[in-house]
Amino acid sequence: MKIMEEIRKSLKEIVKSLISEKKVEYVLGFEEGTLPLKSVPFYIEKEEDIDRLIWNEYCNLNLVKFLLEEPHGKKIGIILKTCEIRSLIVLINEKQINREDIIIIGVPCSYGIIDFNKVSKLLGGKEFSEFTKHGNDYIFKGVDFEKTIKLQDILSDSCVYCKDKKPIEYDYLVKAPNEFKNIKEEDFDEYLDVIEFEKKTPKERWAYFKKELEKCTLCMACRNACPLCYCKTCFIDQNQPQWFDKTDDLSEKMLFHMTRAIHLAGRCTGCEACTRACPEGIDIHLLYKKLRKMTKDRWNVDKIGLGEPSVMGSYKMDDPQEFMVKED
Amino acid sequence: MAKKTKKKKQTIETIETIEKIIPKDKLDSLIKGLYKDFKLIVPKEAKNEIEYDYLELDKEEYKFPEYQNLRVSPKKFLFPQKEVLYSFEKEAKKILIKEKEETVEDQIIFGIRSCDARSYKILDTFFSSGKYNDPYYFSKRNKTLLIGLACNEPMSTCFCTSVGGDPFSSEGLDAIIYDLDDKYIFKIISEKGSVFEKYVKEYPNVNKADLKRKEERASSARDKIKFEINLDNIEKDLDGLFESDIWSKVSQRCLSCGACSYICPTCHCFDVQDKSDKNGGKRVRIWDNCQASIFTLEASGHNPRNSGRERTRQRIYHKFNYYLKNYKILGCVGCGRCIKVCPTNRDIRETLKTVVDVAEKV
């Protein structure tokens with residue numbers, strides 16, 4: 001992975017210049033975590049810290065989330081991939097963040113991000129103490145096993161079906177030596193997984209979501225990892241009136257996830273930070289992706305640009321209205 | 001020694017000496033034997049991992065699996081995420097309250113690790129503190145026996161030895177099993193555990209060579225725990241750091257989700273809610289977690305723990321300061337689950353290191 005190392009080198013130079021010229025108060029990136037294949041958000045304030053900066057396939061969070069807490073007017077640098085830049089754009093469009101406060105360092109995305117939950121599942125929940133890479137093969141070693149897993153099988157689903165490699169809005173662009181391609185060699189439809197899922201019967205689809213959501217403990221890691229979930233008081237946390245009775249009944253879990261999905265319709269950019277944050281390894285990305293596909297099919301918008309109106313927040317005379325209840 | 005006490009002493013001594021050798025291939029039949037008389041909670045192969053679940057031998061084949069520790073502790077079997085306390089119904093103009101009817105059978109949690117066994121001691125302390133014993137917890141706890149499995153292969157996140165535990169500790173257990181690769185040692189620990197005597201009677205007694213091997217195992221297990229911190233002064237250290245800046249730094253990367261609390265075998269904060277419709281409902285106790293923004297939100301709208309800074313601090317203080325003040329024990333067993341589960345890889349060991357380092361400098 002020589003390319004990734006070159007990207008890291010250019011990133012370090014950009015971050016160094018931003019900090020030494022005092023253009024920002026800090027730059028948000030990633031550093032190594034305390035466990036293999038884990039990273040942690042890294043607030044780079046001093047030049048001497050820059051060496052700890054990493055950039056790789058396990059920088060799993062959407063750092064845009066961490067900008068929400070910061071006051072307007074504070075200059076911050078942030079290292080982002082395309083889907084994350086798109087989520088920042090949603091926040092700028094929704095007047096949550098000022099574009100001029102943020103220095104975006106855009107990085108073309110390689111194959112995407114590893115979902116640690118997928119690794120755990122494939123290892124049967126066993127702990128691995130180290131891993132090595134041979135091309136796209138990852139070899140995991142634990143106390144009593146060694147297992148080779150293909151990158152394609154542990155990438156986030158969104159990344160497997162992603163064609164959105166080039167940053168779209170940035171102040172600095174890191175040049176990738178070669179143009180990155182998707183891990184799939186042949187061409188594919190970005191919504192292929194949704195299209196396949198749509199072929200199932202409603203009963204099968206219900207059974208799938210039921211099975212996944214039964215695992216939910218309502219810890220809110222998905223909501224809290226999502227940069228677009230920024231309500232000051234989430235409906236889940238409201239107790240006057242109380243929308244949600246806080247028990248872990250399936251109906252309550254459904255209520256939470258369905259409401260969150262609808263709140264994200266036309267906004268979710270498919271970064272999948274939510275799925276990777278889930279401690280139970282619940283896969284509900286299809287729910288969000290389906291809503292993305294619906295906005296694409298209906299309004300031909302599944303990726304929003306800076307300054308463009310939001311799908312749900314705008315109205316055009318020729319909007320499709322087939323979902324409206326009509327009087328006969 | 002007076003004659004009266006002698007008899008009692010003797011029984012305790014006999015309990016202490018029940019230490020049997022179970023051949024490797026006989027463990028499953030031992031489990032089957034126990035299953036006849038007890039409900040069993042055992043580590044089971046599930047789809048993606050091994051998890052604690054009720055054994056149902058009439059429906060499944062069972063083989064005791066190999067594992068380091070399980071991702072999810074068996075906390076929920078005694079302290080479930082949702083527990084009905086009582087129900088109520090509208091009848092004419094009256095409200096009828098129905099007590100919870102729960103029949104708890106004698107049960108065993110089998111194969112529990114030392115850290116998780118100690119976590120029940122912490123829960124016992126909490127649920128019996130104050131004037132009353134919590135009936136919902138103890139109705140199950142008093143019927144539960146714990147058979148532990150000493151930890152030959154602690155995980156990379158384990159730090160039980162820093163919080164007063166040990167991978168081979170039998171604290172809180174009724175019996176413990178030591179895995180010597182080609183055989184097991186089954187040792188009865190508590191007086192309650194003496195009920196297991198009849199299930200292991202047929203097996204030979206342990207010999208000195210096996211006990212020596214066990215000791216070697218124990219010390220090799222201890223050596224595998226790479227993290228070590230001296231927490232002797234942690235209560236005092238934290239006393240001086242309530243207003244410290246470290247909490248802003250520590251909480252900076254926290255998403256304020258409840259993953260760490262819910263996975264923690266000792267976290268026990270709960271909330272009580274009514275789940276009702278127009279005809280009646282249930283009063284339920286549910287897990288709460290101190291990282292949620294709504295935790296300790298007061299009716300006035302004021303929240304003493306309004307930001308991540310206070311909430312992160314609360315979690316550390318509760319385990320490493322308030323617990324020592326209130327019950328003279330630590331509230332953490334060093335299982336390391338919170339480290340593994342955290343979406344931002346916030347590592348409680350790092351936080352403790354920071355606390356100790358900063359306190360030493362002050």
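This is a predicted model: local features need pLDDT of at least 70, side-chain atom pairs count only at pLDDT 80 or more; totals for chains, interfaces and linings use all residues.
**Stop 1: Asp164(A)**

Asp164(A) sits in the loop of chain A between helix 5 (157-160) and strand 9 (172-173). Is Asp164(A) buried or exposed? Asp164(A) counts as buried because 20 other C-beta atoms lie within 10 Å, and the cut-off for buried is 20 or more.

Setting aside neighbours within four places in sequence, Asp164(A) touches Thr82(A) and Cys83(A). The C-alpha atoms of Asp164(A) and Cys83(A) are 7.4 Å apart, while the two residues are 81 residues apart in sequence.

**Stop 2: the hairpin of chain A**

Move to strand 6 (residues 130-134) and strand 7 (residues 137-142) of chain A. These strands run antiparallel, and five bridges join them. Pick out one pair: Lys133(A) has Tyr138(A) in strand 7 as its bridge partner.

Look at the turn. The two strands form a hairpin with two residues between them. Gly135(A) is in that turn, with a positive phi of about 60 degrees.

How many of the five residues of strand 6 are buried? The number is zero, so strand 6 of chain A lies largely in the open. Show the side chains here if you like. In a regular strand, side chains alternate between the two faces of the sheet.

**Stop 3: where chain A meets chain B**

Colour the contact between the chains. Chain A brings 29 residues and chain B brings 34 residues. On the chain A side, the elements giving two or more residues are strand 2 (39-44) and helix 8 (221-225). Select strand 2 of chain A, which gives the most, with four residues.

Then colour the chain A side by residue class. That side divides into 12 nonpolar, 10 polar and seven charged residues.

**Stop 4: the two domains of chain B**

Switch to chain B. Select domain 1 (3-224) in one colour and domain 2 (234-361) in another. Taken over C-alpha atoms, the centres of these domains of chain B are 27 Å apart.

Show the contact next. In chain B, 34 residues of domain 1 are in contact with 26 residues of domain 2. Which elements give two or more residues to the domain 1 side? They are strand 4 (82-91) and helix 3 (114-127) of chain B. Strand 4 of chain B gives the most, with nine residues.

Finish with residue class again. The side of domain 1 of chain B that touches domain 2 holds 16 nonpolar, 11 polar and seven charged residues.

Definitions and conventions: Residues are numbered from 1 along each chain as its sequence is written. Chains are lettered from A and ligands numbered from 1 in the order in which they are written. Two residues are in contact if their C-beta atoms, placed from the backbone, lie within 7 Å. Ala, Val, Leu, Ile, Met, Phe, Trp, Tyr, Cys and Pro count as nonpolar, Asp, Glu, Lys and Arg as charged, and the others, Gly among them, as polar. A residue is buried if 20 or more other C-beta atoms lie within 10 Å of its own, exposed if 12 or fewer, and partly exposed in between; C-beta atoms are placed from the backbone. Domain bounds come from an automatic or database domain assignment. Two strands pair if DSSP finds at least two bridges between them.
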